Amino acid sequence: MIITDDHMHIYNNLKLKALEQFKRAGGTHVFLVNLLSKNYGLKPSKPEDFLEIFERHVRLVEKANKIVRAFAVIGVHPAEITILGERIGFESASEIMKSALDLAGKLIEEGKAVALKSGRPHYKVSKGVWRLSNDVMLHAFEVARDVGCAVQIHTESYTYDGMKEIAEMADEVGLKRFKVVKHFSPPKVKEFEELGLFPSVICLDDYALMAANEGDRFMLETDYIDDKDRPGAVLGPKTVPRKVRELIEHGFDEDFVYKICVENVEKVYGVEIVE
């Protein structure tokens, strides 16, 4: 049985051993996402500084593929607007972030990664920073449209109106809505289907079961951070396989699991999921 974790990080704790745990628990496929510049000990001042992050991440994903089937997701975390902005100014920060997304797009075109990461802050910011963050996310949508890839977005907590706004931004640039993946999604499968965006449901509590009870148009994730200062946060690497087994125990069959772990993943990311 194929079991896919849609959003995981490997950082400074278990690193590749986290994927060994994931595999032993039954996990087979994973989307690994790069972290913030500060996690790499960098203070970016130009787009090429982010290129170093992307390339380091791609090399890590190549190693991960010796354990499970791993795909690289690369991009600029929306919190960089604050990290960079406080140092070099917010307008300059937004321009660097956009150019860095262009560089990520080129790596995706080369087949070194499969999707972009972008979004807007999940914390309170000024109106000006919010506007700039939306501009950056809109640019990520343009890059994704041109490259033909999906975008995993890190955003504020879910609201229908907030996601509708994002869906309309995708429309504005001609990016298909299902190519926009809401990372850390609640189990609002029916609402996401109405919106056209694709939910990557975080496996908290009974979220996987709640999502399954609404339909099969979703993916699952742990958002495992692999931070030695917060071991097990957000959720441990064995969580998705465990939650998939719980779905089976609650009467959802292997065809259902195949839908959420294979067919949905192939549709959204344009990759081939094989044993």
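1. Arg24 is exposed, at 66% relative accessible area (exposed means over 50%, buried under 20%, and partly exposed in between, with a 1.4 Å probe and protein chains only). Arg24 lies in helix H1, residues 16-24. Helices are DSSP runs of H or I with at least four residues, strands are runs of E with at least two, and both are numbered from the N terminus.

2. The model is predicted: local features need pLDDT of at least 70, side-chain atom pairs count only at pLDDT 80 or more, and totals for chains, interfaces and linings use all residues. Residues are numbered from 1 along each chain as its sequence is written, and side-chain values use heavy atoms, leaving out hydrogens and water.

3. Arg24 also belongs to a positive surface patch, together with Lys238, Arg242 and Arg245. Patch residues have over 30% relative accessible area and no salt bridge, and like charges are joined within 9 Å. A salt bridge is a side-chain nitrogen of Lys or Arg within 4 Å of a carboxyl oxygen of Asp or Glu.

4. Asp227 sits in the loop between strand S8 (219-221) and helix H9 (239-249). Asp227 counts as buried because its relative accessibility is 14%. Between Asp227 and Ala18 there are 209 residues in sequence, but 11 Å in space, C-alpha to C-alpha.

5. Overall, the chain has 10 helices and 8 strands, and 57% of its 275 residues are buried. Along the principal axes, the C-alpha atoms fill a box of roughly 55 × 40 × 35 Å.

Conventions
Patches are made of residues with over 30% relative accessible area and no salt bridge: like charges are joined within 9 Å, nonpolar side chains (Val, Leu, Ile, Met, Phe, Trp, Tyr) within 5 Å. Accessible areas come from the Shrake-Rupley method with a 1.4 Å probe; for residues, only the protein chains shown count as cover. Lys and Arg count as positive and Asp and Glu as negative; His and the chain ends are not counted. The place of a charge is taken as NZ of Lys, CZ of Arg, CG of Asp or CD of Glu.
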